Amino acid sequence: MRKKTLLFSLLLLLTLGACKPKQNNSDIGAAVAGTLAALPQATAQPTYTPYPTVTPRTPLLKGLFCEYQFCIGHPPDIALFDARPKENPSSYSEGMLASYRPDLFTMIVWQLNYGTDDPQFMLDLVMEDGLDTRRGTLDVNLLGNLTTFYTALNTTATEVLPSGGAAAWICGDRAFGWKVYAPSEEIAQKLFNEAMENFRCGP
């Protein structure tokens, strides 16, 4: 009886030993590696690249408007258009042109001079009562053979363009007035100087 019990126990141990799952270290390592490879990996954070700050710059006046027997410089990406009503469009003797984009507004007007040497009345013509206010002193300059009168201005016409400038001059038998609304007084002054560098008129 004792032999049978011992034999039974031995057979049971062998049977249980044969049923025990075999673990292969290389299989486990492969399974762990595969699992880890399948896990989502955190994306590496990009390094910070500093960029220069953008400041308003003066538009380049590479454009040139030539019509009504005069030429004047203007930014190339905006066009001057006739701002007078269709029933009474601009002509050689009188006219009004304007241009607009969100960061710039310009206007030029002209009319026959009738013999006066002082074009300051054109400043009153281009400046809007209740909207435009002169700032500082009147700047009188000789640009080429033209005597120009320029004044800086503040405007409430638009919140985006609080500064500007207005100017007047006489060329031939016509008086001209010019106005700009710009982000700053410095930009307005530079725009006027460059516009006048390209100004020409003739009968």
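User: How are the bonded cysteines of the protein chain paired when they are numbered in sequence order?

Analyst: The pairing is 1-2, 3-4. The structure is a predicted model, in which local features need pLDDT of at least 70 and side-chain atom pairs count only at pLDDT 80 or more, while totals for chains, interfaces and linings use all residues. Residues are numbered from 1 along each chain as its sequence is written, and side-chain values use heavy atoms, with hydrogens and water left out.

User: What makes Cys66 and Cys71 a disulfide?

Analyst: A disulfide is a pair of cysteine sulfur atoms within 2.5 Å. The sulfur atoms of Cys66 and Cys71 are 2.0 Å apart, and the structure holds 2 disulfides.

User: Why is the disulfide of Cys66 and Cys71 called right-handed?

Analyst: The torsion about its S-S bond is about 120°, so the disulfide of Cys66 and Cys71 is right-handed.

User: Which disulfide is left-handed, and why?

Analyst: Cys171 is joined to Cys201 with an S to S distance of 1.7 Å. The torsion about the S-S bond of Cys171 and Cys201 is about -90°, so this disulfide is left-handed. Cys171 lies in strand 8 and Cys201 in strand 10, so the pair ties together parts that are 30 residues apart in sequence. Strands are DSSP runs of E with at least two residues, and helices are runs of H or I with at least four, numbered from the N terminus.

User: Is Cys66 buried, exposed or partly exposed, and how do you know?

Analyst: Buried means under 20% relative accessible area, exposed means over 50%, and partly exposed lies in between (1.4 Å probe, protein chains only). Cys66 has 42% relative accessibility, so Cys66 counts as partly exposed. Cys71 has a relative accessible area of 17% and is therefore buried.

User: How do Cys171 and Cys201 stand against those limits?

Analyst: Cys171 has a relative accessible area of 12% and is therefore buried, whereas Cys201, at 26% relative accessibility, counts as partly exposed.

User: How many aromatic pairs are there, and by what rule do rings pair?

Analyst: Rings of Phe, Tyr and Trp (its six-membered ring) pair if their centres lie within 6.5 Å; planes under 30 degrees apart count as stacked, over 60 as edge-to-face and the rest as tilted. The count comes to 13 aromatic pairs.

User: Why is the pair of Trp169 and Phe176 called stacked?

Analyst: The ring centres of Trp169 and Phe176 are 5.7 Å apart and their planes lie at 5°, so the pair is stacked. Trp169 has a relative accessible area of 0%, so Trp169 is buried. Phe176 also counts as buried, because its relative accessibility is 0%.

User: What makes the pair of Trp169 and Phe199 edge-to-face?

Analyst: The angle between the planes of Trp169 and Phe199 is 80°, with 5.3 Å centre to centre, and the pair is edge-to-face. Trp169 lies in strand 8 (residues 163–171) and Phe199 in the loop between helix 4 (185–197) and strand 10 (200–201), so the pair ties together parts that are 30 residues apart in sequence. Both Trp169 and Phe199 are buried.

User: Which aromatic residues form one cluster with Trp169?

Analyst: Trp169 belongs to one aromatic cluster that includes Phe65, Tyr68, Trp110, Phe176, Trp178 and Phe199.

User: How many helices and strands does the protein chain have, and what share of its residues is buried?

Analyst: The protein chain has 4 helices and 10 strands. Of its 203 residues, 34% count as buried.
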